[in-house]
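Take a look at the fold first.

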Amino acid sequence: MGTGDFNIKVLGTRGSMSVSGAEYSIFGGATSSYLVQAGAEHVFLDAGTGIANAPAEFENTPVIIISHPHLDHLLGLGMYPRLSKAGSRTRICLPAKDDGEARRLLDGIFSPPYWPVSMELYSGDIQTEALQFPMQLGGLTIDGIGGNHPGGSEIVKLSYRGKSIVYITDYEYEESSFEELKAFSRDAELILYDGQYEPEEAELKKGFGHSTAQKGIELLEAAGAKSMLLVHHDPLSTDEILLQREGQLNRNDIRYARQGETVEL
């Protein structure tokens with residue numbers, strides 16, 4: 001956990017599937033999950049395998065925001081210890097038309113035969129909700145807009161005491177929504193941006209729903225944001241590859257996210 005009032009910890013930043021091995025020791029192999037602290041409030045951004053080792057004790061009820069229900073963003077949820085702690089309340093918010101649909105989305109994954117138990121059998125108090133913006137948690141304001149990804153994906157902004165974090169995962173560049181992103185990300189303290197592909201890969205994988213570091217830099221500069229972490233690392237991108245790409249960027253305000261790091265705002 002960070003020591004400041006507003007910070008974000010990278011629990012997992014791998015895209016598509018988790019990986020392991022010595023060649024992933026710097027940037028990590030767990031899939032997407034980030035923990036934001038804003039005073040006494042805590043918000044998880046996605047629940048990939050990185051959430052499995054996250055803290056389970058909080059002063060206030062934590063909120064888990066799922067950007068979209070693809071497996072790499074949900075798979076760690078069933079192993080998150082807080083859900084099994086009797087008396088511990090957790091809010092899980094998913095893109096859905098209503099709370100009932102949100103619960104059905106979770107039950108479709110976390111129930112037999114795909115998972116040994118359903119959400120209702122966990123010992124904790126789990127509240128499943130349709131994701132709605134804006135959200136207010138104490139002094140923390142959470143807003144969102146839709147992103148360009150197969151099946152959709154929510155882009156989330158967390159604002160606290162005049163600073164903001166913008167989370168843009170599983171997003172493929174398109175001119176119309178990119179203009180909206182510039183306005184949405186204006187003057188952000190930190191942007192997390194999907195940098196899974198190199199430009200030549202993005203050309204070959206149009207429609208896959210991911211972007212590049214180069215488009216991230218364009219967004220950073222156009223929005224007047226202060227810094228950027230590139231996220232959703234391809235499972236084939238080893239430490240060596242990511243370090244090389246980071247070196248080629250040759251910038252102090254943008255780098256590839258490392259599992260386990262905390263950024264203070």
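What follows covers the sheet, then the pocket.

This is a predicted model, so to speak of local features takes pLDDT of at least 70, and side-chain atom pairs count only at pLDDT 80 or more, while totals for chains, interfaces and linings use all residues. Residues are numbered from 1 along each chain as its sequence is written, and side-chain values use heavy atoms, with hydrogens and water left out.

**The sheet**
- Seven strands form an open sheet with mixed pairing, in the order E7-E8-E9-E10-E11-E12-E13.
- Strands here are DSSP E runs of at least two residues, helices are H or I runs of at least four, and both are numbered from the N terminus; two strands pair if DSSP finds at least two bridges between them.
- E7 (135–137) and E13 (254–256) are the edge strands with a single partner each, so one side of each has no neighbour in the sheet.
- E8 (140–147) and E9 (153–160) run antiparallel, paired over seven bridges, and Asp-143 sits opposite Lys-157 in E9.

**The pocket**
- The largest pocket holds about 240 Å³ of space.
- A pocket is an open set of points on a 1 Å grid over the protein atoms alone, where a 1.4 Å probe fits, with protein on both sides within 12 Å along at least five of seven lines; lining residues have an atom within 4 Å of a point. The volume is the space filled by probe spheres set on the points, which are joined across faces, edges and corners.
- Of its 16 lining residues, Tyr-173, Ala-202, Glu-203, Thr-212 and Lys-215 are closest to the centre.
- Helices H3 (199–204) and H4 (213–223) each supply at least two lining residues.
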